[in-house]
Protein chains: 2
Amino acid sequence: MSPTDGPSPAPPATRMPVTRRPIERIKAMIAEGRLRPGDRLPTERDLAHEFEVSRSSMREAVRTLTTLGVLEVRHGAGVYVSSLRPADLLETFSVLAEISQGDTLIEVLQVRRMLEPAATALAAARATDAQLERVGAILDRISSGGGGRETVAADLTFHQAIVQITGNATLAAINDGLSSRTFNARVWRGHCADGQAARLRQDHERIYQALLARDPDAARAAATMHVMEVERWLRADLESGSPDRAEAG
Amino acid sequence: MSPTDGPSPAPPATRMPVTRRPIERIKAMIAEGRLRPGDRLPTERDLAHEFEVSRSSMREAVRTLTTLGVLEVRHGAGVYVSSLRPADLLETFSVLAEISQGDTLIEVLQVRRMLEPAATALAAARATDAQLERVGAILDRISSGGGGRETVAADLTFHQAIVQITGNATLAAINDGLSSRTFNARVWRGHCADGQAARLRQDHERIYQALLARDPDAARAAATMHVMEVERWLRADLESGSPDRAEAG
DNA sequence: CGCGTCGATTGGTCTGATCAGTTCGGTGCT
DNA sequence: AGCACCGAACTGATCAGACCAATCGACGCG
């Protein structure tokens, strides 16, 4: 409002776009705890008036914060602060695996090679019987799938379930983002074509056995082997085949 | 509009919001390689006409894709496909460290505990003399800073430079996202208050020595120790102090 | 008391105008 | 000819106001 508005007295800021002001203000209010998860914000019209911008600009600000996973809009009901859980804030992550090609996919796998072994080891140390049972059930679903999209989905679920056991939601969200559906679909198709589906199945079995034994070292090793196997295949695929193709549906 | 508009003509898709169509179409075009990094898109007005939406909706779509790091807008010049490098696509990541509180901060550090040791080990194996020299220079800047915001910035740069040596841009982008300025500022304030700045300095020195020796194992161990030290302090801070406070600029 | 209807609230979309940077070609001076 | 300057055309940024669509709650009927 007044020129003495800010805690930062010097507003030397290069005149920022109008739309950005509401974004920063709202983000700050959340960071400071003045807005808490689930809180309802004023209507877009009121917000626009409060921040002295048009409704269009306010809408763009809200949309930005929605994309970032900070806000949540319900048509006809209002704008709310999201749960602010990592899964919300990291949803945007998936675009990386969604549109990345070539080298970046290799990089993604290298990161997974750092995360999944550590996560699997942690899971081995913490897993409850019920959690292990669930993982086992998913494993069955992979085998019985026969290579279709169900198998791909089950494969994803398998790894997600393991990471979830660690109890670290941030880790789980990051790992989810690094594993996209289309990405895994390519790997499975490649393996099936090469007749190496058995190899993947063996990897999964080893990981599962390590979890059952609650052996972190074995779990780490098994997970490392698995990711490396996928990475090895992807490298071969990128060299030989078309690096830009993506699978539909 | 017309009565034949239809409950669902053929596409089973649950009628998606109008704004979403351009988003998905453009994302698909990029994933398929029909739009490449740096390509210029038609004007917002033309795009709106092409996708049969109003310009407002088209703008919201563009803004969403901009927030995701897929597009880039230059006022007066046009809309362009971003470089699609991981650093672009993962920029949104920082909001996590920016507004997370309490438990999530611990989770973030746990993830860093998985990534930084592996990254530092990799860096030790790959670093060139020039890269090591740069890291050494940054280290000097931390020591000479005296605990001010310059020191904090140098601390961040130190870790970023190391991760950058791995050559994995995706890893670097993720790690950047997990290390926020305000977060590190809190840690430094805490350590200075406790008179333990020397401890951090020692950690950094150890990491640097391991890199110089090109010893991956030592680098991994040193990095692990460092992150654990930070985690230890954070845990104490969260228990004793106010868990929601954030430092300004 | 239960439930459906209808109206007020609120986000979603559209239209068209105007403001603000960018780009590029023309103009005129040297 | 070469170069600096300037302005018109282009393009995104912002605004204003209207109307559509989903939601929620109060009112009234059975």
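**Exercise 1.** Find which residues of helix 1 of chain B meet which residues of helix 3 of chain B, and work out how the two helices are arranged.

*Solution.* Start with the contact, meaning heavy atoms within 4.5 Å. From helix 1 of chain B come P22(B), I23(B), I26(B) and K27(B), and they meet M58(B), A61(B), T64(B) and L65(B) of helix 3 of chain B. Next, sort these residues by class: six are nonpolar, one is polar and one is charged. (Ala, Val, Leu, Ile, Met, Phe, Trp, Tyr, Cys and Pro count as nonpolar, Asp, Glu, Lys and Arg as charged, and the others, including Gly, as polar.)

Now for the geometry. Helix 1 spans residues 20–31 and helix 3 spans residues 55–67; they pack at about 45°, with axes 8 Å apart. The two helices of chain B are therefore oblique to each other (under 35 degrees is roughly parallel, over 145 roughly antiparallel, 65 to 115 roughly perpendicular, and the rest oblique). Their crossing is right-handed, which is the clockwise case: the near helix is turned clockwise from the far one by less than a right angle.

Keep in mind that this is a predicted model, where local features need pLDDT of at least 70 and side-chain atom pairs count only at pLDDT 80 or more, while totals for chains, interfaces and linings use all residues. Residues are numbered from 1 along each chain as its sequence is written, chains are lettered from A in the order in which they are written, and side-chain values use heavy atoms, without hydrogens and water.

**Exercise 2.** At what angle do helix 6 and helix 11 of chain A cross, and which residues make the contact?

*Solution.* First the axes: helix 6 (residues 103–126) and helix 11 (residues 197–212) of chain A come within 8 Å and cross at roughly 40°. That's why this pair is oblique. Then the contact: T120(A), A123(A) and A124(A) of helix 6 face I207(A), A210(A) and L211(A) of helix 11. Five of these residues are nonpolar, one is polar and none is charged.

**Exercise 3.** Which side chain of chain A does R63(B) meet in a salt bridge?

*Solution.* Recall the rule: a side-chain nitrogen of Lys or Arg within 4 Å of a carboxyl oxygen of Asp or Glu. R63(B) pairs with E60(A) at 2.6 Å, N to O. This pair crosses between chains, from helix 3 of chain B to helix 3 of chain A. Over all chains, the count comes to 26 salt bridges.

Technical notes
Axes fitted to C-alpha atoms, helices over the stretch in contact; angles between N-to-C directions. Helix = DSSP H or I, 4+ residues; strand = E, 2+ residues; numbered from the N terminus.
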